[in-house]
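Open the model in your viewer and keep the selection tool at hand. The tour below goes stop by stop.

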Amino acid sequence: MTATSTAALAEATDSAAVPRRWGAPLWVGALLIVLTFLVIYPLLMLLFGALSDSNPVVDGFGKFRPSLDHFLKVLANENVHLAFFNALAACGGGTILAVAIGLAFSWIVVRTNTPAKRFIAGASLIPLFVPPLVAGVAWSILGSPKTGLLNTVFKWIGIDFRVDFYSMAGLILVFGIYYAPYVYMFTSSALQNMDPSLEEASEVAGASAFTTLFTVTFPLIAPAILAGSLLSFVVMLGIYGVPAALGAPANINVLTTYIFQLTAWSPPLYNTAAAVAILLMMVTAILVWAQQRVLIGKSFATVAGKAFRPRSLNLGPWRWFTFGLALTYLFVVVVLPTLALTIAAFRKFLFIKDFDALFDAKAYGWFHFAQVFDNPLTMLSIWNTLKVGVITALLGGALAFAIGYTVTRTHVPGRKAIDLLSTIPVAIPGLVVGVAYLWAWIGLPGGLYGTIWILALAFVARFIPDTVKALSTSFMQIHKELEEAAWISGRGLLSTIATIVLPLARPGVVASMTLLFVLSIRELGSSLFLYTSDTTVMAVLLLDYYEGGNIGKTAAFSLVQTAILAVLLGLTNWLSRGAAQSSARVG
Amino acid sequence: MKRRSVLAGLAGAAASWTLPAAAQDEFGSKDLVAAAEKEGSLTYYTANFAEVEQEVIKAFNKRFPKIKVAMVRAPGGQIIQRIKTEAAAGKLAADVVNHSDRGLMKDLEDLFQDYTPPNAADYRPDALVSPKFWPGVTLGWALAYNTELVKNPPKTWMDLTKEEYKGKKIGQVVGPSGGTTWTRVMFERQVLGEDYWKKQAALQVALYPSGAPLSDALVRGEVSIAPLLYNIIYTKIVEGAPAEAIFAPEGVPIIPYADGITKTSKSPNAAKLFMNWRLSKEGQTFAIKSLGNITSLKEPPLFPKGWDPKIIKVWVPKFDEFEKLRDGWLEEWNKTYGYRQ
C-alpha cells in the first residue's frame, strides 16, 4: 500500500510537472496580455493624445507627429500651474485633516474604552460610499456663503459668524472629513497589531499617557499613517465632484475640474486635457511609488511575532468626551449632509428666505421624486447600473483573484511585471480614462462599443488596483502549509486553489467584489464617454440632473442612489457573513 | 359605460390612424410617415438638456406614437468628440444630431446628408449656415432676476453695468462655455459697446460654468440677477419659482441651432419625420409655449410673455464673424472678467 501511494505520488508530481513547466509561462503570458489590453493600450492612446494634436481614431496613426511642444506648452500654461497648485493645496490640506481625524478615530476605537466602539467603527466608514458629487452638492447646500443652511441657522440664533464653503478652506474641510476613513483603515489595523510592551516601557519610565502617544505610539505606526495619508491624497487628487460643486463658484480650479472643462468647452481641447492628465498621472505615480516604499517598511516596523492583545486605555469619565467627539464627526459627515439633501429633495425650490421658511410645510412634497421617476431614463439607468455592477464585480473579482494569487502566492517569473501593470490604473484620473478607452476600444471588431460590456471592462481596468489590494491581504492570511499539504496529498494546482485557497479566501473575495460593485456604481468619469442611449448609468444621469441646474432632482436622485447602495451593501454584508461562516466551517 | 369606453378607444385609435391632410403635408408625405413608422425608432444626439429634449420626444410621440426616440446627451464639446470618433470608426449611432454650436457642426458637414424641411421657405435666411443644418431649436437671451431679492429689477442690458448691482449680485456664464454664450458675448461688445465688458466686470460678477447651474443659483438666491437663456429659467418661472425674466429693448441675441440628419442614418425616414415635426409650425409652437424657446421662423406663430414685437428685435450674429472673432475676443473676455482658461 505504501509502495502504491509513493508511486501514485511520483506519478502525480510527474504529471503536474509537465504542464507546470509550460503552464507558468503560458499563465503569466495570458495575464500580461489581458493587462496590456486593459491598461497599457489605453494608456498609450492617452500618451499619443498628449504628445500630438490629433485624435488617433479620426486621424489615424499615420498623422501622428510626436512632439513635446504640445506637452511643454501645457506645462508652461499658468492656468495649469494654478490648477496644479490648487490641487496640491486642497489635497494636501485635506490629507492633513484626514490624518488628524482618521488617527483620532482609530485610537478611540482600538485603544480606548469609549462606549459603542463597534458602532463608531462601522459608521465611520460610511463616507467611503458617498459619491463625491453627492457630497459636494450636499455641502454646497449647507455651506454656501449666501444661502447655506448653516448660515441661515446662525442668523436665526443670532450668531454673527458665517461659513463659506465656496473656498479653499471649504474644499479642504470636505476632503478631510470624507477621506479620513482611508487613514483610519490603515492606522487602526496597525494599532491593533502593535506590540504594547514599548508603550508600557515608556510609561514605566515616567512618561504620561499623552507623551507616550506622541513619542512612542504614533512614531511606531508612522509607516501606516504615511501609507494611509498618501492613499487618501492620491484619491483626492482624482476626485471631480467635490471641487466641481464647491470650487467652481469661487473660480477655484483643480486639475480634475480643469480637465473636465477642457473637454466640455467648445471647441473641446482633448489633447490639452490628455497632457494635463499625464501631469496628474506623474504626480500620482510618484506618490504611489512612495506609498509602496513606505508599505515595505511597514511590515518591519509594526508586526511583531508574539501574540498579544492591544492595550485598552481606561479613559474614566473622559470616555464620554471621546464618545462625543466621535458622534460629532458622524453628525457632521453623515447626518448634516443627509439632512441637506433631504430638504433639497423634498422642497420645491431651494430659496429659503429665513429659518422659519424652512418649516413651511407647503414648500415640501414629492415633486422631484415624481419627476425623476417620470423620466424613463431613471429606471433604465438603475437597471443598467446594476447590470454593469454585477458584471464588473464578477469579471474584476476573477481577474483580481488570478492576479493576487499569482503575485502573492507563487514565484513564477513575470509576476513583478503583473504586479506593476495592475497598479498603474491608480494613477490615471477617471475623467480622462474615458477618452482613452473610447479611443482605444471603439475601433475593435465585434461590437463591444455601445454595450454594457465596454463599461464593465473600463471599470474592471480602472479598479484593478483597489480590488487586488483588497484581496491580497486575505491571501496573506492563509498559511502556505495548507496549500503544501494539498500538493503532497496529490492535488494539482487548480484543484488546490479550488478546494483550499478559494474557500478560505472567500470572505476576502466577497469583500473585494462588493468594493468593486460599489466603486462601479459611483464611477462617473469613465462612463461619460462610453455610455450610449441604451446603456446610460446612474452616475451619468446624476451629472445630467446636476448640470441641468436642478438641485432638487439632483438631491432626490442622490437619495435614491444612496438608498440602493445601502440595500445592496446590507445584502452583500449578509452574504459575506454567510460566506465567512461557511469558510470558518471549512477552516 | 363599457360601450362608451370602447367607443372612446375606437375614436382615439381612428384619430391616431388618420392625420388631417394638412397635417400630413406639414410633416411630410403619407409615404414618409409610413416608411418612418416601419423603421420604428431613431437615435438622437443632443447637446441640449436631457429633460428638455425628453419633453420634445414626448410631444413628438403624441403625434407619432409608433416611433421610439433614443437619446444620447452630453455637453457640447464632448458630444462633438464622440461624433467624430464614432464616425471615424464607422460606428456613428446618431440619426439626428441637435447642437447649439453652428461653427463646430459646420466642421462636421461631411457627415450629414442633404435635407430640406417642407416649410423651408418660412425660415430666416440668417439662421441657416448650411443647406444640411436647420434650427430645430432657437434660444434667446433674457434678463432674469430673483423677485424676492431684487426690488429694482433691470430693464435693459445697460442696467447690468449699474453700480447698485455691485458685489456678486450679477451672475454670468463664462464666455468660452459654448456657442450660446459666445453669441451673447459678441452681442454685448458689438451692440452694447466696446467697454461694456469692462464696466460690468468692475461690478464683481459671479462666474458660472454654464447656464443651468446659474439659473438654479438665481432661484436659490446665490445671485440676484443673471442674463440667462430664456428657456432655462422659463420652466422654473412657470412652476412658481421666485424669479422673473424680461426681454431687453437693445435686442435679444438668438442662437439658431444646427440640427441635421447623418449620412449613415439607419432610420433616415424616421429621422426626416422627426426633423420635419420639430421644424413645423406645430413643433415650434410647442417649443415656444412649453419650453420657452424662441423661433427662427420669419413669422413666429406666437411670442413669449412680455415680448412686444414692435419693440423687441432679435439679433443674429453674422456667421463669418462668429467664427473669425471667436478666439481673440474670448481671450480678451477671459482677461477682463478674470476667468482662467
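In which loop of chain A does N251(A) lie? Select N251(A): the loop runs between α12 (241-246) and α13 (255-264) of chain A. Helices here are DSSP runs of H or I with at least four residues, strands are runs of E with at least two, and both are numbered from the N terminus.

Before moving on, note that this is a predicted model, in which local features need pLDDT of at least 70, side-chain atom pairs count only at pLDDT 80 or more, and totals for chains, interfaces and linings use all residues. Residues are numbered from 1 along each chain as its sequence is written, while chains are lettered from A and ligands numbered from 1 in the order in which they are written.

**Stop 1: two positive phi values**

Stay on N251(A). Its phi is positive, about 60°, although the residue is not a glycine. Most residues other than glycine have a negative phi. N251(A) counts as partly exposed because it has 16 C-beta neighbours inside 10 Å. The scale is this: buried means 20 or more other C-beta atoms within 10 Å of a residue's own, exposed means 12 or fewer, and partly exposed is in between, with C-beta atoms placed from the backbone.

Now select K168(B). This residue other than glycine also has a positive phi, near 60°. Look for K168(B) in the loop between β4 (138-146) and β5 (171-173) of chain B. With 17 other C-beta atoms within 10 Å, K168(B) is partly exposed.

**Stop 2: chain A**

Colour chain A by secondary structure. You will find 24 helices and zero strands. Of its 587 residues, 48% are buried. Take the contacts in chain A with a separation of 6 or more: 79% of them are between residues 24 or more positions apart. A contact means C-beta atoms, placed from the backbone, within 7 Å.

Go to W289(A), in helix α14 (residues 270-302) of chain A. W289(A) is partly exposed, with 13 other C-beta atoms within 10 Å. Draw a distance from its C-alpha to that of I108(A): 30 Å, for residues 181 apart along the chain.

**Stop 3: the largest core**

Which residues have the most contacts inside the largest nonpolar core? Select V174(A), F175(A), V276(A), L455(A), A144(B) and F274(B). The core has 280 residues. A nonpolar core is a set of buried Ala, Val, Leu, Ile, Met, Phe, Trp, Tyr and Cys residues joined through C-beta atoms within 7 Å.

Centre on F175(A). Leaving out residues up to four places away in sequence, F175(A) touches A90(A), C91(A), G94(A), M236(A) and V242(A).

**Stop 4: strand β4 of chain B**

Nine of the nine residues of β4(B) are buried, so the strand is largely enclosed by the rest of the structure. T138(B), G140(B), A142(B), A144(B) and N146(B) point one way, while L139(B), W141(B), L143(B) and Y145(B) point the other.

Next, show the partners; strands pair if DSSP finds at least two bridges between them.

- β7 (residues 225-229) of chain B runs antiparallel to β4(B), with five bridges. Here L143(B) stands opposite P227(B).
- β8 (residues 243-246) of chain B is also antiparallel to β4(B), with four bridges. Here A144(B) stands opposite A245(B).
- β9 (residues 252-256) of chain B pairs with β4(B) in the antiparallel sense over three bridges. Here L139(B) has I255(B) as its bridge partner.

**Stop 5: a four-stranded sheet**

Still in chain B, select the open sheet with the order β2-β1-β3-β10 and mixed pairing. Zoom in on β3 (residues 96-99) of chain B, which pairs with β10(B) in the antiparallel sense over four bridges. H99(B) stands opposite A258(B).

**Stop 6: two crossing helices**

Finish on α7 (residues 179-192) and α14 (residues 326-337) of chain B. Their axes come within 11 Å and cross at roughly 80°. Axes are lines fitted to C-alpha atoms, for helices over the stretch in contact, with angles from 0 to 180 degrees between N-to-C directions. Show W182(B), V185(B) and R189(B) on α7(B), then R326(B), W329(B), L330(B) and W333(B) on α14(B): these make the contact.

Technical notes. Contact = placed C-beta atoms within 7 Å.
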